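Let's take a walk through this protein together, one part at a time. Have the sequence and the 3D view open, and follow along.

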Amino acid sequence: MKYKALVTAELIPSFLECFKEKIDFEFAGYALTHDVMPREELKEKIKDIDILICEYDTIDKEIFDCAKQLKIIFCCRGGVKTVIDLEVAAERGIIVCNNGGRNASAVSDLVMAFMLDMTRNVTLTSNLIHNRVITTDVKSKPDEYRDTVWGLDNNSPFIKYRGKSLNHMTLGLIGCGFAGKLVARKAMAFGMKVIVYDPYIKLGSLPQKVEMVEFDELLNKADIISLHCALTPQTKDMFGAEQFAKMKQGAFFINTARGELVDEDALISALNSDHLAGAAIDVTRVEPIADNSPLLDAKNLIITPHIGGSSYDVQVVGTNMVVDDLKAWLKGKKPYNCVIGG
């Protein structure tokens, strides 16, 4: 007899072909439409399902009550507590696996893009050109240099928007989990010094040459600070006016973690006062961001719409994690990414 699996997560179907002799897969909900499946439809579909591969669906007691045959859940997220009632799953002996770290490479790429963008004035100067602010600002330039620089006076882009090289800078990471470690390795490949504040990580698990420091020391020493920590009661609003004031004059700030880690008014003040040279955020306290948000008028602020974990690579990694866990489970072994059970 074959197992029945319901897939409501964005996976790569061809990767699951290896299970066709043992599992019948039904793709529905977000897997097909990028919309969360209506709750009543999920309650109906899950009645005779053995395996659930989900992502954004809320699996609470009401859903579990309908899932009489459910044996294992693969949730294609890092944190699963917000969408799955783990206590009920444990009570009923249902295994729950996650996709911890599946988007780490994508997030770390965006962080590196932010660092290069801000330190080399990429978005800033591109916007100035598109807005026709500096397209005709060439005043003094000998003919022999016409193909090398846009001008040679102090107002020329070559002088006015001179950037900084990462290999002369110190990167401070708040949190060093899956994404933080990759950022550290990529930053060191650019020649950066990397320091970390993470009270929950063991020193031996850090990449070589990464230095563990206390929070205030990181604030004082880092040229760029990037957040990679979870949102908890302890980390909520961890960056406010006091913390920004302790950062170096002219430092840069990056947040690809969670919007509620940061007091946005304090960030705006630090930018508008020129204490910070720039900031880049992929997350905000309210998402989507409102069209009247004060963030939109802040100086030197790059904002992206929570796309840090969005790349094709994430689906490849996430699907492979599910495949490996399914193979282990079918052999009677504990899945590698088990959260409870197994």
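A word on holes before we start: on a 1 Å grid over the protein atoms alone, a cavity is a set of points where a 1.4 Å probe fits but cannot get out, while a pocket is an open set with protein on both sides within 12 Å along at least five of seven lines, and lining residues have an atom within 4 Å of a point. Volumes are the space filled by probe spheres set on the points, with grid points joined across faces, edges and corners. You're looking at a predicted model, where local features need pLDDT of at least 70 and side-chain atom pairs count only at pLDDT 80 or more, while totals for chains, interfaces and linings use all residues. Residues are numbered from 1 along each chain as its sequence is written, and side-chain values use heavy atoms, with hydrogens and water left out.

Start with the overall view. The C-alpha trace spans about 80 × 40 × 40 Å along its principal axes. There are twelve helices and 13 strands; these are DSSP runs numbered from the N terminus, with helices (H or I) of at least four residues and strands (E) of at least two. Of the 342 residues, 47% count as buried. Buried means under 20% relative accessible area, exposed means over 50%, and partly exposed is in between (1.4 Å probe, protein chains only).

Now find the open sheet of seven strands, in the order S8-S7-S6-S9-S10-S11-S12, with parallel pairing. Strands S8 (211–212) and S12 (301–303) stand at the edges with a single partner strand each, so one side of each has no neighbour in the sheet. Two strands count as paired if DSSP finds at least two bridges between them.

Ser226 in S9 sits opposite Leu173, and its bridge partner in S10 is Ile254. In a regular strand the side chains alternate between the two faces of the sheet. Here, Ile224 and Ser226 point one way from S9, Ile225 and Leu227 point the other way, and all are buried. Further along, S11 (residues 276–281) pairs with S12 over three bridges, and Ile281 stands opposite Ile303 in S12.

What about the greasy interior? A nonpolar core is a set of buried Ala, Val, Leu, Ile, Met, Phe, Trp, Tyr and Cys residues joined through side-chain atoms within 4.5 Å. The largest one has 30 residues, and Ile225, Phe239, Phe244 and Phe253 touch the most other members. Elements giving two or more residues to this core are H9, S9, strand S10 (251–255), helix H11 (264–272) and S11, and H11 gives the most, with five.

Some of those names come back in an aromatic cluster formed by Tyr197, Phe215, Phe239, Phe244 and Phe253. The structure holds eight aromatic pairs. One of them is Phe215 with Phe239, edge-to-face at 5.8 Å centre to centre and 85° between the planes. This pair links distant parts of the chain, 24 residues apart: Phe215 is in helix H9 (residues 215–221), and Phe239 is in the loop between strand S9 (224–227) and helix H10 (241–246). Both are buried. For the cut-offs, rings of Phe, Tyr and Trp (its six-membered ring) pair if their centres lie within 6.5 Å, and planes under 30 degrees apart are stacked, over 60 edge-to-face, and the rest tilted.

Back to the holes. A search of the whole structure finds one cavity of 30 Å³ or more.

Most residues other than glycine have a negative phi, and most peptide bonds are trans. Arg132, though, has a positive phi of about 60°, and a cis peptide bond joins Glu287 and Pro288, with omega about -5°. Pro288 lies in the loop between S11 and S12.
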